[in-house]
Amino acid sequence: MKKKLKLGLFGFGCVGQGLYHVLHETHGVKAEIKKICVKNQSKSRPIADSFFTYKKEDILNDADIDVVVELIDDANAAFEIVKTSLEHGKAVVTANKKMLAEHLEEIYELQKKHNRPVLYEGSVCGSIPVLRNLEEYYDNDLLQSIEGIFNGSTNYILTKVFEERKNYDEALKQAQELGFAESDPSLDVKAFDPKYKLTIAILHTFGVFVKPEDVINIGIDKIAEVDLKYARENGYTIKLIAQARKIGDKVYGFVAPQYIEATNPLASVRNEYNAVQLEGAFAEKQLFVGKGAGSYPTGSAVLSDISALTYDYSYEYKKISQERQVFFSNDALVEAVVSFKGEDIVTSKEFEKFEGGYRGNGYQFLRGTVKLEKLREWSANPEVSVILTTTSKITPLQPVDKKALSFA
Ligand SMILES: NC(=O)c1ccc[n+]([C@@H]2O[C@H](COP(=O)([O-])OP(=O)(O)OC[C@H]3O[C@@H](n4cnc5c(N)ncnc54)[C@H](OP(=O)(O)O)[C@@H]3O)[C@@H](O)[C@H]2O)c1
């Protein structure tokens, strides 16, 4: 039997307003917003002033409020809101991937301690139903990998840069105006945002807690005109790809730009759309595509979580108990092309297997197989652009435990 939930909403920006709209347009979800807490007292609001408060206690201490919907852009304040809400016996819905990725294990423990759920479908790839599918549908197939386009604003920027030959800054400004970009755009273009999402996805795919600082993130901010030219001449596009793969008893995962062939289904995922490709031992590959950012798409994912709470849904984190112990590792090889201006910033000796290189327009391009940690080192250099090859795959550095492989 469904109950009518009273919601206390934190944040009334892009996603908060999106939720307000989709909640009022969707009939059948038994929930209503009682109070909205925001920050800036001088901002004018598009709905009645009586909804708003500037004191978090007006929501957190209100026994009539069943669910706190946390949609603010401050990860530290958000974690305090989530923690206090659970302590006060309230369920939580949030879309704050930074906060979640940084506190996943604590939030998992807090849910058990207070016996109240935290749902966060909107935090990973906006409107695409990723987490509940991983929890429910994929609870009985051995998942081998998850990969895809996890960030709407960088995909929008790359699409505009490739298809309309817009310059990078102009495309970023447009993504911000359309509400796809994070308040701090470096979270997107330096690939922190998709890294946070990957961290959350790794938990629900493989049952492994990983700290976001352990996941390598290489952004699109150093992609130069020569890289775009290289891609166009070879019939490729470039996408920012998040990927994680389980091999033996290890999970490898990172985010980096990658050259993508026109025949790859990810090549046709354009603008703010995201894509998630799952590979199971038996189901094999499945691709989900949908809007990964924006007011209404993210609002609809948040609404779906609220609706799930009306029938007492909670994540069971089934993979944590199902999986034999697996560990996160960066000890792997991938294939990459590095480009840089000038002399010997990167040398062929630094590759594990050097495939060749060329010079053009004052730039050097070097291609080969390289350790993930080396990619991290190169990507920290503002002069170096790192892009994975079209055929790059994760190869463990250590020999794989054969017994574990038979279950991979
Ligand atoms: N935008 C997207 O497409 C998208 C997609 C998926 C997930 N998300 C996540 O959703 C969350 C919200 O994003 P957004 O794009 O909606 O942000 P936004 O448009 O910048 O809005 C942020 C809202 O949070 C309020 N706020 C900030 N600090 C607060 C505090 N301490 N107490 C109360 N309210 C506070 C702001 O209040 P004022 O109105 O007074 O300034 C504003 O209403 C973020 O975690 C983001 O990562 C966003």
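Reply: A polar contact is a pair of N or O atoms within 3.5 Å; within protein, one must be able to donate a hydrogen and the other to accept it, and residues adjacent in sequence count only if both atoms are side-chain atoms. Across the interface of domain 1 and domain 2, four residue pairs are in polar contact, both residues being at pLDDT 80 or more. This is a predicted model, in which local features need pLDDT of at least 70, side-chain atom pairs count only at pLDDT 80 or more, and totals for chains, interfaces and linings use all residues. Residues are numbered from 1 along each chain as its sequence is written, and side-chain values use heavy atoms, with hydrogens and water left out.

Me: Into which domains is the protein divided?

Reply: Domain bounds come from an automatic or database domain assignment. Here domain 1 covers 5-119, and domain 2 covers 131-297 + 324-403. Their contact (heavy atoms within 4.5 Å) takes 15 residues from domain 1 and 15 residues from domain 2.

Me: What is the area buried between domain 1 and domain 2?

Reply: The size of an interface is often given as the accessible area lost when the parts come together. Buried area is that loss for two parts (1.4 Å probe), summed over both. In this model the value is about 1300 Å², and carbon and sulfur atoms give 73% of it. Within domain 1, Lys97, Ala101 and Leu104 lose the most area to domain 2, together 41% of what that side buries.

Me: With which residue does Lys97 form a salt bridge?

Reply: A salt bridge requires a side-chain nitrogen of Lys or Arg within 4 Å of a carboxyl oxygen of Asp or Glu. Lys97 pairs in this way with Asp193, and the closest N and O atoms are 3.2 Å apart. The count between the two domains is one salt bridge.
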